[in-house]
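Below is a note for a colleague who is meeting this structure for the first time. Please read the points in order, with the model open alongside.

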Amino acid sequence: MASAPFLPPDPPHLRTGQDRIPPARPASFARIPSWVSLNRPSSVKPPHPTTTQHGQVENLHLVSLSKQGKFEQVHEFIKSMDEAGIAVSPSTYKSLFETCGEMGLLSEGRSIRGRLKNPPGFLEDCALRMYCHCGSLSDARRLFDEMPERSSFAWGIMISGYAQRGVLDKAFQLFSLLMDSGVGPNFSVYTSLLRSLVDSSCLEIGRQMHSHLIKTGSGLNASVGMAICNMYVKCGWLEGARIVFDEMAEKKAVAWTALMVGYTEANEQNDVLHLFMKMVEEGVELDEFVFSIVLKACAWLEDLRVGRQIHGHIVKLGLESDVSVGTPLVNLYVKCTCFESALLAFQKIDNPNDVSWSALISGYSQSGRVEECLKTYKSLRVMDGLLNSFIYTSIFQACSMLADINSGAQAHADAIKRGLISPLYGESALITMYSKCGNMDYASQVFGSISEPDTIAWTAIIAGYAYHGIASEALGYFRKMQDSGVRPNGVTLVAVLTACSHSSLITEAEGYLKSMNRCWNHRNLELGRIASENLLRLNPDDTAGYILLFNLCVSHEKWEEAARIRKKMMEKNLQKEVSCSWITVRGQWHRFIVGDRHHPQTKEIYAKLKQIDFPDGDSEDRSLLTEEDASCILPERRQQLLEHSERLAIAFGLLSSPSNSPVLIFKNLRACRDCHDFAKHVSRVAEREIVIRDSSRFHHFKLGQCSCGDYW
DNA sequence: CTAGGGTTAG
């Protein structure tokens, strides 16, 4: 082997069995694998035994090795070529530099550059580009400074190198040197400089570039115009972008899209729609980019009417199946809470990608279709490349709705293995998931792993402890948050107030809470009517607005008014959420609704309820009526009270779990007072710890007492 | 040279 310098030193994939390569013989073409000739420019004729020039095969082999990243072999092969007196050709060097640049192999690139004595100018440019691609601006600059003469390419490469890495001062310094040097700049210098101006801090220098271009008149072609417009968009100066845009001679869809992106980011969604209408009027050819951005604007505005019109346009153009159009369409319908339309739009997509799937999955979780959400996720797990960190964030959310620690922890572990936990987004969702599943240890572990928690992450952990009624921890985190300099928002304060309701550690917060409480305690019907009137004017379909007013009327014994409100809800087809409770026993789900008799152990469950023999509740305090309580006021509903879902779940829990373990129940709505009393009673007579997580918090019942202190 | 998906509470 060593005596055959032109042959691959180590081509294991060529060897079959004991097949050996004959020594000391020029390359056998039968043994040159097909990939040698791959990716050759068409101008280069494929080698042929009879017409091959000296060294051509070896050079080809070298290129091929480098493209496979086998640089150890590249060096060995170069050495053997040297020994055999075969030259490495300039085009091979060019290719080697390109590969090193693409793969970021700086030291390989350096050593190859080191072999060159007096290389031709174009090869120096290639080496320069290689250094820039590898991110070594110092190597690049050294080479640039040593060049006896610099082409306009070299200037462009060096300036772009600085610009792309955000070293703006050096980029512009060099640019002014170039202006003085007498070498005319090419367009790519301008566009790469403009492209490097990416935020509002660059606006001033961007304006200077713009005026320079106008003065010299050197670069006012379409692509430079586009670059200026984009620069102004990124720098947040939409007026400037608009002026440049209006002056463009020929406006293709790209230019419109760039400006629309600016408007969406500035949250000027109506301007996006106006631009779109103008495009349609002017007959601009619409592409998938235009639709994706205009659909995003509709989603923001939750404007279903316009959204459906645009959908119609998309269908006419036959773009419905395009993944770039179909995906934002799915999202539009999700945001407008039209889940059926979202699903239909998804089904029309030809090749849904991970973004499409994440739009669908987040739609499932946002519309509470938790089981479909998890089912879809599981089906994606066995496919390649369709899961991403967005999907996992939605999955964590779904698991917190289910309060299913098993699925949740599994998804968490899975996401860790795949490296798909999104910083802050996924982490905050995990904190909430573990909190809602009742495991504050895990929740705080996740929080502790975040290097720089933002407002939302802090809020998530505070809300978690508040949810569990552990005020001291919640307030401790709130103090730490303030110390860290992260600003709380309205949501944070709601969480803090929730925590405060069990503590007088922050007198101000307590006072605030008390003042809010007094309004409810006064049971001011007149004020309540005005408030709900306004609330319902904002959103006529808001169930909570009706329910609150209904409860208020009930507490004032205004039965007829209460009935009218109910009737109105029925007319508008607004349904209150069906109350249900669930429990997991040995990994199995058991779900109950009021008066449920579907469970296979129904007989035993009702027998157990009877055995507990809790007296029919007659709570005199109607100020804390929940939605369910209110319906219990009506005599025919009173019987139902005895069969509320959480009672069924508790009874089943007592029957089916070991007598020394706590019974953990989940409920989708707030616990009613009678059932709360029932749970206290059970915890005393059965001497069992009972934990109920309702829609607002955790309740830990022990020996007739509840951790919530009867406040929830 | 332009696009689409996800986080906290009541």
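**Notes on the predicted model**

1. What covers the buried residues of α7 includes α5, α6 (137-146), α8 (168-181) and α9 (187-195), where contact means heavy atoms within 4.5 Å. Helices here are DSSP runs of H or I with at least four residues, and strands are runs of E with at least two, numbered from the N terminus.

2. This is a predicted model, in which local features need pLDDT of at least 70 and side-chain atom pairs count only at pLDDT 80 or more, while totals for chains, interfaces and linings use all residues. Residues are numbered from 1 along each chain as its sequence is written, chains are lettered from A and ligands numbered from 1 in the order in which they are written, and side-chain values use heavy atoms, with hydrogens and water left out.

3. Helix α7 itself covers residues 152-164, and its 13 residues reach 18 Å from the first C-alpha to the last, close to the 18 Å expected at 1.5 Å a residue; the expected span is 1.5 Å times one less than the number of residues. Because 10 of its 13 residues are buried, α7 is largely enclosed by the rest of the structure. Buried means under 20% relative accessible area, exposed over 50% and partly exposed in between, with a 1.4 Å probe and protein chains only. Among the buried residues of α7 are W155, M158 and Y162, and the helix is followed by G166, whose phi is positive, near 75 degrees.

4. Helix α3 (residues 90-103) has 14 residues that should span 20 Å at 1.5 Å a residue, and its end C-alpha atoms are 20 Å apart, which agrees. Its buried residues, including Y93, F97 and C100, pack against α1 (56-67), α2 (71-83), α4 (106-115) and α5 (121-133). After α3 comes G104, with a positive phi near 70 degrees.

5. Around DNA strand B there are 36 residues, of which R195, V254, N388, Q397 and S422 come nearest; a residue counts as near if one of its heavy atoms lies within 4 Å of the strand. Sugar and phosphate make up 47% of the atoms of DNA strand B that come within 4 Å of the protein.

6. N668 sits in the loop between β3 (663-667) and α36 (673-685). N668 is buried, with a relative accessible area of 16%, and its side chain reaches the backbone nitrogen of C580 at 2.8 Å.

Conventions. A polar contact is a pair of N or O atoms within 3.5 Å; within protein, one must be able to donate a hydrogen and the other to accept it, and residues adjacent in sequence count only if both atoms are side-chain atoms.
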